[in-house]
Amino acid sequence: MKHLLSSLLVVLALAAGSLRAGVPDSADIVHQWNRAVIEVIMEDGFGPPIAARIHAYTNLAAYEAGRHATPGYKTLVGQLNGFKDCPLPDASKTYDWRVAVVAAFQQASSKLLYRIYITDSLAKVHFGALEKVVDKDVFDRSKAFGIAVGKAINAYAKSDGYARTQGLPDWEWPKCDSCWEPTPPNFAKPLSPYCGRVRTIALKSVDQFALEAPILFSKNRSSDFFKAAMEVYNISKNMTADQKEIANFWNDNPVLTNYRGHFVYNSRQISPGGHWLNIARQIMVEDKVSMVKALEISSMVSFALFDGFTACWDQKFKHNLIRPVTYINNLIDKKWEPLLQTPPFPEHASGHSTITAAAAEVLQHHFGDRPFSDSTEVLFGWPVRRFANFRAAADEASISRVYGGIHYRRGCDAGNEHGKKIGKYVVATVRYRD
Amino acid sequence: MTPPVRVVLTVLFTTCGMAMAQEFGRIPESVSGVRFTNRIVETDSFNIYTDFYAYNGGGVAVGDLNNDGLPDIVFTATQGHERLYINQGDFRFEDASERAGLTNTAIACGALIADLDGDGFRDLYICRRYKPNSYYHNNGDGTFTDLGASTGLGLLMPTTMAVPIDYDRDGDLDLYVVTNGDPRREGYLNPGYCDRLFRNDGGNRWTDVTDQAGIKDTGYGLSAIVGDVNDDGWPDIYVANDFEARDILYINDGKGRFDDAATRSLQHMSQFSMGSEMADMNNDGLLDIISVDMLPRTHDRRMTQSSGMSIYGPFFDSTQRIMNTLQLNRGNGMFSNIAYLAGIAATDWSWSVLAADVDHDGLQDLFITNGTKRDMTDQDYAYSVTTKNTPKARQYLNMPGVRLPNFLFRNRDGYHFTDVAQRSGMGDSAVSNGAAMADLDGDGDVDFIINNTDTVAFIYRNDLKDSGNTALSLRLVGTSGNRDAIGARATVYADGKRFVREVQPVRGYQSTSTTDLHIGLGRIRVIDSVVVRWPDGTQSSHTGISPGRNLVTLTRESPRPWAPAAAERPLLRSVSSVLPAVHRENFYDDFKRERLLPYRNSQRGPGIAAGDVNGDGLHDIILTGSKFNASMLYLQRTDGSFEAAPSGFEQEADAEDVDVALLDIDRDGDLDALFVSGGNEFDGDEAELADRLYRNNGKGRFTLVPNAVPNGLQSGSCIATADYDRDGDVDVFIGGMTVPGEFPRIPRSYLLRNDKGTLVDVTSTAASALSNVGMNTSAAWADYDRDGDADLVVVGKWMTPRLFRNDRGTFVDVTSAVGLGGFQGWWTSVAAADIDADGDQDIVCGNLGENCRYPASPEAPIEIVCADFDDNGSLDPIMTYDVDGRRKPVRTRMTLTQHMPTMQRKFPLHTQYAAATVNDLIPEGFPDSVLRLRATTFTSGVFRNNGGTFVFEALPIEAQFAPVYGILADDVDGDGRTDLLLAGNSKGADGDILGYDAGIGCMLRSIGGGAFAAVPPATSGWSLPETCRRIVRIPWRNALLYVVAVNSGRPRLFTKTDIRQ
């Protein structure tokens, strides 16, 4: 299993860094777990909507297990759709909330991720360190509590309809001039076509906020649609170095396929949701936020991502719009290839634009208007980028899809607006404290 | 009672199994002096990431370069110059590379030895990838001069091999150069270069005639093999292409042009074709074509090394299959790929394939090299390669590699092969690429020379023990421009047999073998004659030749003109144009709903029925329509043609009608129509699944009788009618085929009694066991016990043929009692007929056939266990097979996890999945709801009725090439015996196999006693490459018409060319 160890090593190295000082700092536990979940998501190759769902439930479990560490934090039972039960600690007993958080993360992950030996290893390291400094009965009780919360979240997750979408037939995509069809180079069938049917976590319904429609489809060379495609085409033909860097920086395609004859392999990248959780983590580390605050922010960002993807996916498969590469190959240049690999699902609207805007709203709410630098992509060979504020980053992420040749400008702008509304709604409705 | 003929075949197998007395001995390099190793040293600029053909390896060329009578050897190298070894005799060689001037170190691929300029000294032509090819002209003094630039043969494009061919029969050698593409490509739109054809104009003047000859192949060609496949005297070319571009079969039209016949002659071909070969494997006088691919042989390798592509992309081509192909030449322009039946379909990364009768038993064996320096299709490796932790510069060094043994397949009977590499001494494990054969020591048998990657070249001496087999070694001497007579065909006639060989030195992969012919003759002591067809199309006959170890030289003396024999007049002639019908199957992808289905359930139709519906005395035809297409009525006109006519079926176009029967349900003297609807497109409660009865107004106009068929909504397969209760009207059995979307649940089947024109479901009272009899495909009524009433035979998939005895109107399952138990198959058709003329009804049953990837036997059955194991709302049918005594999943991890995603948690690695048994997949044990299915035989055959009990006899091998969906028993040749017409094929296999479609139909002539012999299609005229369904026979123009229903195509109609009275 030598070659599988890379993610494991990353995760354990993160853990070891803080362990040098004894036990992990409480907030570090949260950061390390989110980092580990991101790693496993990359290893498992989950698509972006499913990745966001995993982040949402793992962070929810950890929040519900650990929120008691800071007085005043409320349960989200009754606030999230269908979230009716979650165990409470025995008020008369002592707990170590770090232990509970680790146990909850581990338990929740065990039913959501596949390569759970990675997260199990992290749990082992954390438990090993905490065992040395926490009384055994407190440790055992806290761990049991965390597991109980994790199981409650597992049950909650199971009720959201996702598992059933896995049992459904593949989506039979209709065929028409404006219809999406499988795109080069993989010509893969559509990814997660039923994710729009999964229960939203904060939104009242998947279509609570209207999405601006795409430009009216036309094959006519003088039409707006043709012009929109030409814009994508022309940008790709006159690409500046900056545009190229922006496109690659925000690519966030979890699975990129490389062809070398018979040798076909996938490059993994962080998913769009993972990217934004990582931005959040960088700010939180900078600000040295507490464990519960970290859980609040991570879970809220995750909810915005999850609902953003769900709402976007619902729209994607309703609009079922043709990707630029197909349109351009059919009508403009049959040999044109976009800078980025086109992800395997319909165009409208841009998922990245949607969830980016939603996540930025949450971060704006917590941290306000502040400049920051993002080094998430250093791992993937791209430089650190600096942004004036979260919304500026979101706007750049949004337009990056046009630079990358995988979206029309309308799909990005509409997604951006849609995402803002979703993010604002999450901020406004999910109450962590009174 | 006559004895079964099957015994003959059994005996044949047994005796053959004991042969193969010969062994090969490897000559150590310390003895031979041949120390050549194609060592491939990877660098940061040359590795699998930078050049995906980095490990394609080198070739071997054998030929007498110094005219001393001994074959010399040239090896090509990926890095480093070519190596020439001069044969000193007695397996000792001298490295003469430097003296010869072979110092070019550019990547070399194929090596050709042939006297290209006809000056009496064989030249050397080397194909290269990034530098100009080298045309080393033999100066006759041990040195060579590269004339590439001056002759134009120094082609600068990626080339694999050059093949000599006198395509215009003008007496000199022309050159076909197989080109490739850029193996440094990254994008997905990358056509290769067009192959080249150079015409030899004498005096080393060469003209590129690629365009005017019609050569258009731009695939990534890895080999080409020349031979006269259609026996018209003109050499044809098979080009084996890697990747998307399919293989090409260039038929030489004799006028300087080549036409690609691949798509009309081959049902399918290898996808990642590498080496290729042409040889007559079954001694029928016709050259068969072999192309090798990269399908892994063992379960472990198949589960960890797999390659494929999206079926939704523009490059997907269902005629390309990842498997070796053995294209059996059927003699009428058609080929049948019988690689699964032959047992040679899977030999991993297969480079060279060479045919030779190594044991002189009279049948040509197959040698296949294999291996790759690195397993670039290793799924765990591919998974582990990520750029997320900064690109690892030396990633290529971590790619695993494995050395596997080569294969020596002994030809047992012309159709079945056994790998004997280990016990024959050729089982060394290495990465072997090009290979050549030649009689290096002049002892009358072929020795092998193999170019290995990173291992010293192998020389295997054939130590043929005195097994009692004889052979003939022939050297053909042609004319000055082509002294080695390349392209000549020798046919040895002896003992009523014929042995056909062609002088084609370029065989296999990147290599040149001997121009001498070594023809094993088995026990034959006397040769009647040797007939040589020379490259110019003339022919000479030679007698007085005896088998022996000495080389016999034949020269072109007093040749006579030769012309191909006139085509024979077949027994049946196709008259399909009189019926202007076409069946269009609706596109439905069963696997999108049921990803683990072993086959599609949506391509069952069309059904067919014939009868006089309008009372004009002429038989008319109904063909059922697929979803969205109404079933159609075709009325016969007096001139024998048919025309579509308004029928009354038009409104019910949405149903997928799969069978139809014409029967006088209301006894008003005309034929009413009963349709059974099926398919997999509908859910179990949709009205389109309702079976339908239409009443005839006597004039061929039909009216739907609402709710006349009292069975529920089930997906049916077949109708069988008989007056089982002997009340004077016709009763009906309707078979259920599947529960849509819920394979493998058992659908319901029905017995419907005709009560004065009303169909009454009497299944539960008269035949309760019938209701869940199985996944039916076909049924027949037959009075097997001769008690005067009709008994019922039902066949289907995953079930044994079941017989229900009619006991005064109630039915008793007598399957086991009459000897039908234990034959669980994928039965697709059944017909009752007295095929042995003993007065009782025998049962002919069509099965999947033996040309299938996973054979089934009672000892090693194919099984399915099924439940919703992962609790996500869909059934999970897990098909298993026997792997070394353990039950393992047939489908790959990728397919399984698409349907059961959480299996990824259980098996993060492909190696773990490869090791898993079905119990590891479901470690918690099977729930009570588990469904179990089993198949123990895929052989089509006859259950012969011996006084009320049945004995199974397999149909001849030609009937086993493909599934049989249509059976018609009739005295076709007019000799008074009952013959069988068979038709079939399926394009509905799973996503790995894609199709069971090697069949072209089969006419089996009765030879008495219930035995059959296949009639060659050129003789019978019965050639049906289509996806065929049922066959009906009707009177037609004072003769008979056989009508074959065809899925996704036009029905095929045949009538007898000449009826013997």
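Between chain A and chain B the count is 4 salt bridges, a salt bridge being a side-chain nitrogen of Lys or Arg within 4 Å of a carboxyl oxygen of Asp or Glu. This is a predicted model, in which local features need pLDDT of at least 70 and side-chain atom pairs count only at pLDDT 80 or more, while totals for chains, interfaces and linings use all residues. Residues are numbered from 1 along each chain as its sequence is written, chains are lettered from A in the order in which they are written, and side-chain values use heavy atoms, with hydrogens and water left out.

**Polar and charged pairs across the interface**

- One salt bridge joins the side chains of R164(A) and D871(B), at 3.5 Å from N to O.

**Composition of the chain A side**

- The elements α1 (5-19), α2 (26-44), α5 (116-131), α7 (162-166), β1 (255-260) and β2 (263-268) of chain A each supply at least two residues to the side that touches chain B; helices (H or I, at least four residues) and strands (E, at least two) are DSSP runs, numbered from the N terminus.
- Of these elements, β2(A) gives the most, with 6 residues.
- The residues on this side divide into 25 nonpolar, 12 polar and 15 charged, where Ala, Val, Leu, Ile, Met, Phe, Trp, Tyr, Cys and Pro count as nonpolar, Asp, Glu, Lys and Arg as charged, and the others, Gly among them, as polar.

**Extent of the interface**

- The contact, meaning heavy atoms within 4.5 Å, takes 52 residues from chain A and 51 residues from chain B.
- Chain A and chain B bury about 4500 Å² between them, 56% of it on carbon and sulfur atoms; buried area is the accessible area (1.4 Å probe) that two parts lose on being put together, summed over both.
- In chain A, the residues that lose the most area to chain B are Y114(A), H262(A) and F263(A), together 19% of what that side buries.

**A sheet within chain B**

- In chain B, 4 strands form an open sheet in the order β45-β46-β47-β48 with antiparallel pairing, two strands being paired if DSSP finds at least two bridges between them.
- Strands β46 (residues 672-677) and β47 (residues 692-696) of chain B are joined by 3 bridges, and A673(B) stands opposite Y694(B) in β47(B).
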